[in-house]
Each structure stands twice: as structure tokens, then as C-alpha cells.
Amino acid sequence: MVWLRRTTCESLVLLLATLCVAHTFINSCSRALVQRQQSLFQPIVFPRFNQGSALKKASSSSYFTTSGQNSTWPEGGEGFVSDEMLLTTPEGYDLLEVQVVKTFLAKVPHLSSKFKSLNLPNKICTSQICSVDEEESNYGEIFKADDIVLADIIRNKGSVPTSRAFLRGGPRGTLHFDPKVSRAAIVTCGGLCPGLNDVIREIVMCLNNNYDCTRITGIRGGYNGFHDPTIPPMELTPEVVKDIHHEGGTILGSARGGFDLEKIINFLVEGEYNQLYIIGGDGTHRGAHVIAEEVQKRGLNIAVAGVPKTIDNDIGIIDQSFGFGTSVEAAQLAIRSAKIEAECSLPRGIVIVKLMGRYSGFIASHATLGSGDVDLCLVPEVPFRLKGPLGAYAHLEAVMALKGHAVVVVAEGAGEKVMEPTGELDAGGNRILPDVGEWLQKKLKKHFEEIGLPTNIRLINPSYMIRSVSANSADSLYCLGLAQNAVHGAMAGYTGFSVGQVNNQMVFIPIPVLTAASPRTLDPRSRIWDCVVSDTRQPNDIRSYDSDSEEEEDW
């Protein structure tokens with residue numbers, strides 16, 4: 001009996017010890033799990049916010065860990081960020097007192113200010129049977145009126161603690177229009193640009209596939225198509241546009257000028273259109289703003305949405321215009337041919353490649369850097385000399401002495417100040433520029449003859465070739481995002497806006513804000529131009545950028 005009691009006591013002690021160890025282990029695991037979750041939920045600052053960011057439940061089902069890996073919220077987790085987390089510096093980071101205390105949101109007009117929105121639930125079709133309710137499902141992410149993208153994200157301790165912001169693009173929870181009775185018109189204006197057909201296609205596909213809106217009209221020949229009987233509109237269906245993105249240009253054709261406000265409004269009213277999608281540059285957008293203002297004045301429930309288009313990449317605010325990357329690729333092919341031509345022209349050869357860029361040198365500078373074969377790059381924003389120790393003549397003489405050939409890239413607007421103006425305007429009101437390629441060819445030929453070094457100097461002008469090619473994969477994907485967001489915005493009731501990518505996020509931009517920042521130009525003190533100078537080793541007299549004191553004989 002004594003032995004039995006002793007055994008029973010020892011068993012109880014062993015059991016209690018085991019329970020204590022297990023309890024300690026469970027507590028330590030719980031603390032480790034909590035600490036692990038806290039480390040995962042450290043707030044990371046992104047240029048994408050809403051009024052509840054870092055203070056309430058996350059609107060997305062995903063988050064980024066401090067290691068930068070994308071993960072998902074734990075099942076049942078609320079995704080709140082505590083005050084303690086906000087004050088905790090993530091591992092591997094230093095606390096820097098750089099703040100944004102005020103954010104100024106660009107105002108995008110909404111039709112609900114004058115018209116009653118239908119507030120229909122926004123659902124996306126998941127099959128071709130869009131009319132059957134069971135075949136519909138909600139979007140993966142719905143955006144709200146306070147979802148914004150900060151514009152001014154490059155900051156330091158001395159930065160003013162304010163930033164501009166734009167509404168994030170994307171589908172909204174409710175619709176202003178009933179898609180099934182809506183009617184949309186699409187028009188392309190101005191010059192050609194890679195990706196125009198992609199934008200047209202994706203607007204049609206988004207209207208049809210996402211919103212079951214099937215009445216879509218293409219306006220041919222730019223603004224002229226609203227009233228010119230010789231170029232009647234065409235109906236656009238998924239079948240019509242399914243393959244057009246494989247071709248360059250625009251299925252609708254394009255033209256400059258032709259803006260007649262009264263006739264455009266009459267067309268929209270008579271056709272019972274409630275959405276107008278306008279694809280074009282800053283001049284076209286100024287016209288789009290006039291249309292948006294006029295339909296509001298007349299009490300017309302019509303959404304006007306723009307998609308910015310310019311091969312020169314000179315529209316402000318946005319990161320980059322669609323088609324620009326494709327154009328740079330096409331320009332590099334011309335530069336490669338120019339290099340071969342120059343190398344094979346004995347005893348000396350110089351080939352000039354004239355590229356597009358009326359007011360900006362983005363295509364010329366990016367093509368120069370992308371090719372690595374250019375010896376001199378001339379752009380409108382950077383004054384250049386022909387004569388003197390910092391002139392183009394001296395630089396090309398040195399290049400020729402070193403390797404016997406040279407490639408020169410010149411933007412069409414470079415040297416405009418020193419050439420005789422034509423005094424002519426095109427249909428869009430733009431100045432018709434003198435031909436800088438021919439002017440430079442004559443100048444270089446004369447100079448090398450005068451110094452006793454006859455040189456074969458040729459000119460290649462691929463300007464219209466680089467704008468008529470089909471979009472590459474990156475631009476095609478960009479066009480898809482632009483088109484879909486234009487449709488999302490218009491269906492939600494926004495008007496007088498354009499879409500674009502700002503800090504790598506799609507946003508809605510009020511048209512007046514966009515046009516006020518356009519055309520933009522290349523900054524001569526930017527890293528891009530520094531790289532051009534480094535690559536070509538051309539003279540870079542930065543002191544002359546703000547001066548007009550060059551004498552005529554220097555040219």
C-alpha cells in the first residue's frame with residue numbers, strides 16, 4: 001500500500017511537471033507567433049493611400065512583409081494597424097522625419113453633381129453569358145472616392161510637407177449609367193502613334209465584356225468625323241476589333257483640326273450617346289474639355305473621358321505616354337542602319353538621323369541611350385553651337401580623327417531658333433518647322449570641305465516610320481490599362497478627366513490639370529541628359545542653357 005501511494009504521488013508530480021512544461025512551451029509559441037505577426041504587419045509607406053490608410057481595416061486581402069514579399073492576411077484577421085506598430089521602426093530601417101501633413105487632391109468632376117446616379121451595383125462578367133446573374137461575380141478590388149495616389153513622392157527633410165494627389169483609377173462599387181442602355185463613341189485625333197488600335201480595342205472589349213454595353217460607335221477622321229458626311233461613323237464590336245492591335249495606325253483613321261463644338265454636341269444628342277472617349281494629345285484634350293464643359297451647361301448627362309496620346313512623350317503629369325517605348329525601339333533600328341552606313345562610307349562618313357520631337361527631345365535622347373552608337377545628340381531643350389571649342393564641328397572632328405565615322409541624332413525641333421521660320425501652321429495650329437536635318441547636313445558638308453576633309457554626309461529620316469508600327473508588348477499592356485480605366489471612370493460617372501500612370505499607378509486626372517502641364521520638355525539638368533552627355537562625350541556647356549547670348553556666327 002505504501003508503495004502504491006508513493007507511485008501515485010510520483011506520477012502526479014510527473015504529470016504536473018509535464019503540464020508546466022507544456023504550458024510554458026505553448027506560451028512561448030504564442031508569444032513568438034504574436035511577434036512574428038507584428039513583424040509582418042509593420043506599416044510600409046507606399047504612394048497609394050486612402051483616408052483610412054494605416055488606421056483602419058485594410059481594403060485589400062494582401063499585404064507586404066518587411067522583406068518585400070507579397071502575402072495574404074491570416075484567415076479571420078482584421079488587418080488593423082495599431083498605434084504601437086506606427087511608432088515602431090521596422091527592422092533594417094531608420095526613422096527619417098519626412099512628412100506629408102497636407103494632401104491636395106485634384107478635383108475630377110462627377111455627373112452626380114447635376115444628375116441623379118442610378119447607383120447600380122458594379123459586377124464583372126466571368127463568362128460570355130453576361131445576362132445570367134449566376135455567371136456574374138464581383139471585382140477582386142473596388143476603389144473608393146478617397147483612394148488616392150500621391151504625386152510628389154521624391155522628398156527630403158527640407159521638402160514642403162504637402163503633396164498633390166490624384167484619384168486612383170479602377171472600377172467603382174456603383175455605376176452612374178445603366179450599361180445595357182448606354183451608348184459610347186470613340187474618336188482618335190492628331191498624328192499616329194503606336195498603340196492607338198490597342199486603346200480602341202480595349203475600350204470596346206471592356207465596355208462589352210465587363211459592362212455588357214454593346215452599342216459602341218467609332219468616329220472616323222478625328223473631330224471631322226462628327227460632321228463630315230464623306231467619312232461616316234462605324235459600329236465597333238468585339239468581332240470588328242479583335243485583331244486590330246496587331247496592326248499599326250488606327251482603324252478609325254485620324255486627322256488634325258475639324259473641331260466644331262455645335263456639330264459635335266448635335267451628333268451626341270441625336271445619337272443618344274452618354275459616353276465619349278477621346279484619344280489625343282494636349283490640343284485634342286483642350287477640345288475634350290470644351291466638350292465636357294458644354295454638355296454640362298446644356299444639362300446633358302454625358303461623360304467625357306480622355307486617353308493622352310503623344311509620340312513625343314511631352315504630355316505632363318503622367319509617367320510616360322503610350323507608344324513612346326515602341327517608337328524608341330523603332331528609332332534604334334534606324335540608328336543601327338546609320339552606323340553601318342557611316343562605317344562603310346570611306347574614307348569618312350557621317351550619317352544624320354532625324355527623329356520626331358517638336359518641342360521635346362525625349363525620343364532622341366532615349367534612342368541615343370538605347371542604341372549606344374550615337375556620337376552627337378541634338379534636342380530642342382539644349383542650345384548647341386556649331387563653331388568654337390564647345391561646338392559640334394570641333395566635337396565631330398575629334399570623333400572622325402578617332403574612328404573615321406560618326407552618327408548624329410537630331411530632334412526635329414532642335415535648332416529652331418537659328419533657322420529661318422517657315423511662317424506656316426498645320427491644321428492643328430502647330431508651327432511647321434524648317435527641316436533641321438537638311439540644314440545640318442549642308443552645314444556639316446560645307447565645314448568639312450573647308451577644312452580639307454571631304455566627308456560623305458547622309459541623312460536618314462525615319463520619323464513617320466517610327467510612329468506607324470504596332471505597339472510592343474509593354475505598350476500594349478499599358479494601353480489596356482489606360483482603356484479599361486477610362487471606361488471604369490466614365491461608367492462610374494466621372495467626366496472631364498483623362499487617364500494616365502502616375503508613380504506607376506493608374507489615376508484619373510482632370511483635363512485642365514493635364515493640359516496646364518503640357519507640353520513638357522526634357523530638363524537639361526536631368527539624369528537623362530547627363531547620361532546622354534556621358535555616352536556621346538559631346539560638349540555640354542550647361543552655363544548656356546539659360547542664356548540667349550550666342551552670336552549668330554557661332555552657328
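**Reading a loop residue**

Q: Where does L252 lie?
A: Helices (H or I, at least four residues) and strands (E, at least two) are DSSP runs, numbered from the N terminus. L252 lies in the loop between α4 (238-241) and α5 (261-270). This is a predicted model, in which local features need pLDDT of at least 70, side-chain atom pairs count only at pLDDT 80 or more, and totals for chains, interfaces and linings use all residues. Residues are numbered from 1 along each chain as its sequence is written, and side-chain values use heavy atoms, with hydrogens and water left out.

Q: Is L252 buried or exposed?
A: Buried means under 20% relative accessible area, exposed over 50%, and partly exposed in between (1.4 Å probe, protein chains only). L252 counts as buried because its relative accessibility is 2%.

Q: Which residues is L252 in contact with, leaving aside its neighbours within four places in sequence?
A: Contact means heavy atoms within 4.5 Å. With those neighbours set aside, L252 is in contact with I186, V187, T188, I200, G218, I219, R220, G221, M234 and L236. I200 is 52 residues away along the chain, and the two C-alpha atoms are separated by 8.8 Å.

Q: Where is P161 found, for another loop case?
A: P161 is in the loop between β8 and β9. It is partly exposed, because its relative accessible area is 34%. Leaving aside neighbours within four places in sequence, its contacts are Q99, V100, V101, K102 and R155.

**The whole protein**

Q: How many helices and strands are there in the protein?
A: The protein has 14 helices and 21 strands. Of its 555 residues, 46% count as buried.

Q: What share of the contacts with a separation of 6 or more comes from residues 24 or more positions apart?
A: Such residues account for 75% of those contacts.

Q: What is a nonpolar core, and how many residues has the largest one?
A: A nonpolar core is a set of buried Ala, Val, Leu, Ile, Met, Phe, Trp, Tyr and Cys residues joined through side-chain atoms within 4.5 Å. The largest here has 74 residues, and those with the most contacts inside it are I186, I203, L207, Y277, I279 and F322. This core draws at least three residues from each of domain 1 (174-320 + 471-517) and domain 2 (324-420 + 433-465); the domain bounds come from an automatic or database domain assignment. A second, separate core of 22 residues includes L386, Y393, A414 and W439.

**Helices**

Q: How is the span of a helix read, and what does α3 reach from its first C-alpha to its last?
A: The expected span is 1.5 Å times one less than the number of residues. Helix α3 (residues 196-211) has 16 residues and reaches 22 Å, close to the 22 Å expected. Of its 16 residues, 15 are buried, which leaves α3 mostly covered. Just after α3, D212 takes a positive phi of about 55°.

Q: Which helix is T284 found in?
A: T284 is in helix α6 (residues 282-297). It is buried, because its relative accessible area is 10%. Leaving aside neighbours within four places in sequence, T284 is in contact with C189, G190, Y223, I278 and I279.

**Salt bridges**

Q: What is a salt bridge, and how many does a search of the whole structure find?
A: A salt bridge is a side-chain nitrogen of Lys or Arg within 4 Å of a carboxyl oxygen of Asp or Glu. The search finds 13.

Q: Which parts of the chain do R164 and D152 link?
A: Their side chains meet in a salt bridge (2.7 Å, N to O). R164 is in strand β9 (residues 162-168), and D152 is in the loop between β8 (148-150) and β9, 12 residues apart. R164 is partly exposed, with a relative accessible area of 41%.

Q: Are E202 and R201 buried or exposed?
A: The side chains of E202 and R201 meet in a salt bridge (2.8 Å, N to O), and both residues are buried.

Q: Which residues are linked in a network of salt bridges?
A: E262, E294 and R298 are linked in this way.
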